[in-house]
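Subject: Structure handover

Hello,

Here is the structure to go with your copy of the sequence. My notes on it follow below.

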Amino acid sequence: MYVGRKHTAVRSAEVERTFCCKGCGYSSPVRVTGIGEGTGNSPYFLDGDGARRRAVDEATARASEDADVVLAIVPCPSCGERDPAAARAFKTKGLLATLGLLALGCAIGVVLAALMSHRSGSMGLVFGVGTGVLSASAGIYVDRAKRSATWDGAILRVSFPSERDGA
Ligand SMILES: [Zn+2]
């Protein structure tokens, strides 16, 4: 059993980048907002400040990575297209994450079912498989919700100069 505290942090980062549309050639300097989450552990409640700092450092690093993901998939303000390669990569990553979570759920189900059926027969089997299915679907749900927020919200997180001027 883990004794200690897990610190979490959420940070946003504003980065300056250049948007470049591969479809129509539109190009513009933009400001992108990225959001990242980080965690840091303080085992036995030691080094709480260090754990907090690690959580913040990780969140900050992930926020700037997130900004690059958002910039890659934002629809072009001129032609409305998303970069097809980046869009495909984004969707493939989502699919892989879903498959990974499914595999993890299966593994949890199999291990728990084996452990529990040993002790309490078929009820244990049902409980084990059920827990695996539940943990997989909960993980997949959260992961997909986050990805679709990034996909749909990308346009809100990239500010193009013409929008800033209100033109
Ligand atoms: Zn374009």
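In this predicted model, the axes of helix H1 (residues 48–73) and helix H2 (residues 84–153) cross at roughly 120 degrees and come within 4 Å of each other.

Next, the strands. Strand E1 (residues 4–20) and strand E2 (residues 27–43) run antiparallel and are joined by 17 bridges. Within that pairing, Arg11 has Gly36 of E2 as its bridge partner. E1 and E2 make a hairpin, with 6 residues between the two strands. In the turn, Gly25 has a positive phi of about 85 degrees. E2 is also joined to strand E3 (residues 158–159), by 2 bridges, and these two run antiparallel as well. There, Val32 stands opposite Val158 in E3.

Together the 3 strands give an open sheet in the order E1-E2-E3, with antiparallel pairing. E1 and E3 stand at the edges with a single partner strand each, so one side of each has no neighbour in the sheet. H1 packs on this sheet and touches E1, E2 and E3. The direction of H1 makes about 150 degrees with that of E2.

One residue I looked at in detail is Ser12, which is found in strand E1. Setting aside neighbours within four places in sequence, Ser12 is in contact with Thr33, Gly34, Ile35 and Ala63. Ser12 and Ser64 are 52 residues apart in sequence, but their C-alpha atoms are 8.0 Å apart in space.

On the chain as a whole: the secondary structure comes to 3 helices and 3 strands. Read from the N terminus, the elements run β-β-α-α-β-α. The radius of gyration of the chain is 21 Å, whereas the globule rule gives 15 Å for 167 residues, so the chain is more spread out than a compact globule. The C-alpha trace spans about 70 × 40 × 20 Å along its principal axes. Of the 167 residues in the chain, 17% are buried. Among contacts between residues at least 6 apart in sequence, 66% join residues at least 24 apart.

Regards

How values were computed
Residues numbered from 1 in each chain as written. Predicted model: local features only at pLDDT ≥ 70, side-chain atom pairs only at ≥ 80, totals over all residues. Pairing = 2+ DSSP bridges. Contact = placed C-beta atoms within 7 Å. Axes fitted to C-alpha atoms, helices over the stretch in contact; angles between N-to-C directions. Rg over C-alpha atoms; globule rule 2.2 N^0.38 Å. Buried ≥ 20, exposed ≤ 12 C-beta atoms within 10 Å, placed from the backbone.
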